[in-house]
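Here is a short briefing on one protein chain. Keep the structure open while reading.

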Amino acid sequence: MTYRVVQWGTGNVGRNALAGIIANPGLELAGVWVSGPAKGGVDAGTLAGLEHPVGIRASTDPDAMLALRPDCVVYCAMTDNRLLEAVEDLRQILAAGVNVVACAPVFYQYPYGVLPDELLKPIEEAAAQGNSTLWVNGIDPGFANDLLPLALAGTCLRVDQLRCLEIVDYASYDNRAVMFDIMGFGKPLDEIPLLLQPGVLSLAWGSVVRQLAAGIGVTLDSVTQTYERAAAPAAFDIVTGHIPEGTAAALRFEVCGMVGDRPVTVLEHVTRLRPDLCPDWPQPAHPQGSYRIELTGEPSYTLDLVTSSPNGDHNYATVLATAMRIVNAIPAVIQAPAGILTALDMPLITWPAEAGSRLSH
């Protein structure tokens with residue numbers, strides 16, 4: 001069976017998702033929504049970085065995309081600085097009877113106990129109205145801190161703590177708004193960026209620690225957040241701009257799912273803009289970065305996941321993996337019951353059979 005799909009947004013993740021849709025013989029690209037006139041009317045092949053046109057031109061009209069009656073929307077629009085608008089996008093798409101796979105807003109990965117009713121109920125009601133399904137995932141939040149740690153836990157006699165770390169050099173991450181405005185790199189240390197405002201880390205990554213807890217049958221008493229930052233010892237440049245001396249150049253934070261005073265499920269990020277910064281912080285398995293799972297129990301595990309690609313560095317590879325995590329899940333999401341899906345509800349997602357079959361010919 002072939003499913004009709006609309007790509008919604010063609011930024012870092014979206015253009016890779018678009019290429020994945022075009023490459024998958026089990027998916028038919030029905031349309032592409034873009035946020036600005038500069039991309040309006042541009043062929044989808046061009047937006048996906050392909051050498052050939054595909055005959056589908058991008059539109060800035062969301063109603064026109066829903067009028068195509070696709071089976072699924074791949075939602076990759078920017079959300080970090082437009083959360084309420086993104087929630088309304090999802091509500092309208094779901095209410096129109098269209099399934100959605102998305103890389104954000106990340107709190108919908110596992111919203112229970114994380115979101116207030118005003119953010120959760122409209123999505124649940126829209127999904128019920130449209131008999132449609134939403135799945136939000138990626139690499140982090142996503143694969144590196146849901147499927148992998150829970151798979152390891154399935155081999156244990158006892159689990160005392162599940163800790164998931166992202167330890168990555170972000171110097172090549174090509175999104176200036178995220179780097180400077182949301183994460184606060186290149187800004188004075190006494191200037192608190194959006195990500196570090198009270199409650200934001202727990203809103204974004206509380207979904208991770210609560211889903212892990214649910215996956216191992218633990219009821220959390222609370223979720224806490226802490227962070228620390230370090231300054232640039234000298235000025236230097238990254239892909240998206242200049243980091244002046246003395247401004248934020250490294251960030252470490254934890255979101256902890258607590259049982260009493262004991263952290264049981266932990267999400268930790270260690271983000272550097274240069275590998276020599278903060279040598280006492282956790283170090284990655286590869287100089288550019290890794291995702292690490294530390295399971296303390298019986299038995300205990302340490303697992304490092306390193307991404308790479310012949311077409312780019314670790315940040316490119318991770319963005320591509322995020323895109324394909326949701327694109328490859330499209331058939332399973334379409335076939336699932338209406339509502340919000342979590343990793344605990346999903347079957348195993350692999351490389352699609354339609355694509356793999358080409359290797360046998």
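Contact here means heavy atoms within 4.5 Å. The model is predicted. By that contact rule, the buried residues of helix α1 pack against β1 (3–8), β2 (27–33), α2 (44–47), β3 (72–75) and α9 (314–327).

**Helix α1**
- Helix α1 covers residues 12–23 and has 12 residues.
- From first C-alpha to last, α1 reaches 18 Å, close to the 16 Å expected at 1.5 Å a residue.
- Buried residues in α1 include Asn-12, Val-13, Leu-18 and Ile-21.

**The open sheet**
- An open sheet of 6 strands runs in the order β7-β10-β11-β6-β12-β13, with mixed pairing.
- Its edge strands, β7 (222–231) and β13 (301–305), each pair on one side only.
- Neighbouring strands are turned by 10 degrees against each other on average, direction ignored.
- Strands β6 (residues 158–169) and β11 (residues 262–272) run parallel, joined by 8 bridges.
- Val-168 stands opposite Thr-271 in β11.
- Helix α8 (residues 200–215) lies across β6, β7, β10 (248–259) and β11, at about 125 degrees to β7.

**Cis peptide bonds**
- Ala-104 and Pro-105 are joined by a cis peptide bond, with omega about 0 degrees. Pro-105 sits in the loop between β4 (99–102) and α5 (117–130).
- Asp-140 and Pro-141 are also joined by a cis peptide bond, with omega about -5 degrees. Pro-141 sits in the loop between β5 (133–136) and α6 (147–153).

**Positive phi outside glycine**
- Asn-131 has phi near 50 degrees. It lies in the loop between α5 and β5. Asn-131 is exposed, at 62% relative accessible area.
- Cys-278 has phi near 50 degrees. Its place is the loop between β11 and β12 (289–298). Cys-278 counts as buried because its relative accessibility is 13%, and the cut-off is under 20%.

Note on methods: Residues numbered from 1 in each chain as written. Predicted model: local features only at pLDDT ≥ 70, side-chain atom pairs only at ≥ 80, totals over all residues. Heavy atoms only, no water. Pairing = 2+ DSSP bridges. Helix = DSSP H or I, 4+ residues; strand = E, 2+ residues; numbered from the N terminus. Axes fitted to C-alpha atoms, helices over the stretch in contact; angles between N-to-C directions. Expected span 1.5 Å × (residues − 1). Buried < 20%, exposed > 50% of the residue type's maximum accessible area, 1.4 Å probe, protein only.
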